[in-house]
Amino acid sequence: MLGGIFSLHSSWKDRQDSYAHKPLPLQCTSLNFRGFQFAQAMVFAIEEINNRTDLLPGLSLGYKIYDSCGSIARGVRVALALANGDGDSRLDERCIRPAQVQAIVGETSSSPCMAIATVIGPFHIPLISHFATCACLSDKVKYPSFLRTIPSDYYQSRALAQLVKHFGWTWVGAIRTNDDYGNNGMATFTETARQLGICLEFSVSFFRMDPPDKIKKIIDVIKVSTSKVIVTFLSHMDLDVLIHQLSYHNLTGYQWVGTESWIVDSQTAAMDQKHILDGAIGLSIPKAHVSGMREFMLDIKRLNTSGDDTFRLFWETLFKCQFERAKSSGGNQRGCSGFEDLSSVQNTFTDMSLMPIFHNVYKAVYAVAHALHGILGCNTTCKTKVQLEPFTILHHMKKITFKTKGGDEVYFNENGDPTAKYEIINWQPTVNGTVKFVTVGLYDTSANKKLNLNNRSMIWAENSQKVPVSVCSEKCHPGTRKVLQKGKPVCCYDCVRCAEGKFSNTTEFWSNQRRDACTTKEAEFLSYEGVMGSLLTTASLLGSCLTAAVAFVFFKNRSTPIVRANNSELSFLLLLSLSLCFLSSLTFIGRPTEWSCMLRHTAFGITFVLCISCVLGKTVVVLMAFRSTLPDSHVLKWFGPLQQRLSVLAFTLIQVVICVLWLIIAPPFPFKNFKEFKDKIILECAVGSALGFWAVLGYIGILALLCFILAFLARKLPDNFNEAKLITFSMLIFSAVWITFIPAYVSSPGKFGVAVEIFAILASSFGLLICIFIPKCYIILMQPEKNTKKSIRSKGTVKSS
């Protein structure tokens, strides 16, 4: 059993509840032929499935269809009736029976769907809508059982903004339905439009049940506006109300941009007697054809046999007649026979322009059928003893993929939405006064070029062949510049004559020497080709090569006492990190890019911390080694090779975490600095997060300070441990370089600031390399007689004071 919820009426009688007694049932008014068409499409799909032998063989689908009258409250009520049945139950009765329906098709609008999905969501009963497009319904946390066969407004809103941008309309008005469909759709459009440089002169909302005064205010807003393009997120019922007022005030000449809810609605076109919407452009669901559906929907004789009052009213409204028992004594309408011929009637019900939406209803029913087919393990027959739980049906529906008999592929993504594809429709008036809906383009989210248009075949407002112009301010002519109007959006500006000697305010250009023409501003950055860049590159490579040479000397003499006495493992790791420090300075040279900006500071920060961690490890080893020579001391075993490696790893990992957080939260990025020099563009890397930048430098400073303190404490140890003196001196150089770096970096403009940072990296790296390793290399190469155990021991005697 399938449930259906459609708006067979479009409104209801307003009432004032006294809250003294139970409110009377909602009294629906204004018969809605579209709702009947949707219901007919659902019945057609069900009967077609029941007549098939390859889908649910041996089983039949039934249906219960309710009228929601376009009311949210009534929609929730009938949804609960479909879930629980119409009968009353005792308060103490346990709800253990299965749901009355396996799935619900409907509702047509977004707001009722949100309310219904919220209520039936906890029971996992699938709700498949054919026309609810609000992007909010894609939230599977709030609406876990909601699916739809129409694309989300997430795509439609962006497509509308790109359509408006395509025609150069930067100054537009906006009108929306005051419900979830209109408010959410317009909010997404507004944000996308802002990013594309489009400004909204006004954005107003209303609902068809609002008092006339509110709609009159919207008319007044349109009258005083200067924009010639109006973007709408309106349901067709709300637009019908607005058209009536626009016609009364004769507001023509505006270019209307619409959504799928009305852009191919012939009822809306028929109401537009004064051709206010002629030339309208908008998005529509792609055309579809379902063989046999049109004939089925127009076969209404069986409806008259139902005996239902709603269908009796439908018959009377359709043929403008009255059955005998419904006729009033003074009525002058002709009587209904029940055998009227539909071929003589031309109205909304006989119009099939919404066939794509009927097709969506058709696909929704088939989606349920295919899910049931899979659950029941149907082949030639189906398993009839399987318990059909709503959760199981919902789970299978999310995974189904099938093709309709027309060849359309149906499936749902993780949000319960289909693939978004729209036709771009243009309202073109014909010679007999009617409107033709002409397809002039396509918007396909799955294609590389999403928007494709044929501008030459389009008709615009007031039957014009020229694209309308809708801008707040005309483009400034040569010799003038833009000055923003106070209190207005950025699209509104005055064109002021340029100052003497200048004729353009474009930031990419500057006047030449004679000030009679514009030349492109010179882009300045620290390049490899420049003198400064070449010198720094040479120094970097020299330092890296020198470090490699020291490492070679140490490796070749790795078995000698002086190499072994100074912790050879940490020495080699320190040499590797110093080589990386020298090479990291190269990332600061060259044209800044997104990757180079992120790499330069993180590579520098991590390699320097690795370097200082090794120096810190060597300093601690010196202190521990001296204490271990004291009687009964076992200190050195607590800081053996394993602990030394772990300490270096731990200190480095902390810097890695800081850098990762920096890159995630606010990474460095390339930036064009126009303020530093008027005639140059400084290409530099903005740090992104100042906190991240100074956290990286601060952490290096803390480790360097700790290393300096420990080395200072160990400076008076015996001569065989005199590496502490070398470390102390290297840390003094390191600290002096980076303390002077801060004011020099802040005060240096453009590429000179980058050069200061590279100089600091190279100077501190050379300081560590020369102070710690060059004295040892001198002994190894020039005084090998001192590189013996005997020499080391003789120097290890502590002199008495």
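1. Let's begin with the core. The largest nonpolar core holds 123 residues, and Ile175, Leu242, Trp256 and Trp427 have the most contacts inside it. Here a nonpolar core is a set of buried Ala, Val, Leu, Ile, Met, Phe, Trp, Tyr and Cys residues joined through side-chain atoms within 4.5 Å; buried means under 20% relative accessible area, exposed over 50% and partly exposed in between (1.4 Å probe, protein chains only). Helix 12 (residues 355-375) gives the largest share of this core, 14 residues.

2. A word on the basis: this is a predicted model, where local features need pLDDT of at least 70, side-chain atom pairs count only at pLDDT 80 or more, and totals for chains, interfaces and linings use all residues. Residues are numbered from 1 along each chain as its sequence is written, and side-chain values use heavy atoms, with hydrogens and water left out.

3. In helix 5, Tyr181, Gly182, Gly185, Met186, Thr188, Phe189, Thr192 and Ala193 are buried. They lie on the same side of helix 5 because they cover an arc of only 160° around the axis, taken from the directions from the helix axis to the C-beta atoms. Arg194 and Gln195, on the other side, are exposed.

4. What do the buried residues of helix 5 pack against? Their partners are helix 3 (110-120), helix 4 (153-166), strand 8 (171-177), strand 9 (199-206) and strand 10 (229-233), with contact meaning heavy atoms within 4.5 Å.

5. Just after helix 5, glycine 197 has a positive phi of about 85°.

Key:
Helix = DSSP H or I, 4+ residues; strand = E, 2+ residues; numbered from the N terminus.
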